[in-house]
Amino acid sequence: MELQERLNAVHGHISAAERQAGRPAGAVQLVAVSKTFDAEAIRPAILAGQRVFGENRVQESQGKWPELKAETPGIELHLIGPLQSNKAADAVALFDVIETVDREKIARALADEMKRQGKVLRLYVQVNTGLEPQKAGIAPDDTFAFVDFCRKELGLSIEGLMCIPPADENPGPHFALLAKLAAKAGVEKLSMGMSSDYEIAVAFGATSVRVGSAIFGAR
């Protein structure tokens, strides 16, 4: 199957999941996860009309996205991997959305860099819904206070929450928890669901899903 066919299939599954959940058509944005793929592998997705992409690493993204963004106006690039504070300047310069704000140090670094560069990025707080020690993200119980801190103390625009449920657990309860936390914190967007569970995420209210291998193939 060609990339365009795989991309169309994913869009079709999202549309079907929206209908089944009684949600409006187009309620869910597809973030095509292009990490580890080079510019040549990504271009067919852009040619097929995809404009929103996700990457895990700042340095890897710097090697391909400045050129791709210059070629095609209107691309929206999301950082969906952990961010180190020493990469904040590069991240602010390249990305449009950062989905992995999860500690005060990173929040402060982003606030400082956005002020310095005169840019306003859209930000998501990553929540570690499974409290996994090896995984990034803020504890669920700390979410409201952290969002409040980012908004009131730093003046950041926190538009959503993001999670990656434990691989060996039913994702549904984790998606439900994230939706509940978002409602309490007063944020509108929910980034949840990947290639294996994005249709479930749509049913639980995802506003964006991060799909890579179902579009680009195995890494």
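Guide: F146 is buried, since its relative accessibility of 8% falls under the 20% cut-off. The model is a predicted one. F149 is buried as well, with a relative accessible area of 15%. Both residues sit in helix 7, which covers residues 143-152, and because they are three residues apart there, about one helical turn separates them. In total the structure holds four aromatic pairs. One of them joins F53 and W65: the ring centres are 5.0 Å apart and the planes meet at 45°, so this pair is tilted. F53 belongs to strand 2 (residues 52-55) and W65 to helix 4, so the pair ties together parts that lie 12 residues apart in sequence. F53 has a relative accessible area of 0% and is buried; W65, at 0% relative accessibility, also counts as buried. Another aromatic pair is formed by F146 and F149, with 6.4 Å from centre to centre and 25° between the planes, and it is stacked.

Now to the loop between helix 3 (58-62) and helix 4 (65-71), where K64 is found. K64 is buried, with a relative accessible area of 4%. Its side chain reaches the backbone oxygen of S34 at a distance of 3.1 Å. Setting aside neighbours within four places in sequence, K64 is in contact with S34, K35, T36, F37, D38, A39, I42 and E55.

Note on methods. Residues are numbered from 1 along each chain as its sequence is written. This is a predicted model: local features need pLDDT of at least 70, side-chain atom pairs count only at pLDDT 80 or more; totals for chains, interfaces and linings use all residues. Side-chain values use heavy atoms; hydrogens and water are left out. Helices (H or I, at least four residues) and strands (E, at least two) are DSSP runs, numbered from the N terminus. Buried means under 20% relative accessible area, exposed over 50%, partly exposed in between (1.4 Å probe, protein chains only). A polar contact is a pair of N or O atoms within 3.5 Å; within protein, one must be able to donate a hydrogen and the other to accept it, and residues adjacent in sequence count only if both atoms are side-chain atoms. Contact means heavy atoms within 4.5 Å. Rings of Phe, Tyr and Trp (its six-membered ring) pair if their centres lie within 6.5 Å; planes under 30 degrees apart count as stacked, over 60 as edge-to-face and the rest as tilted.
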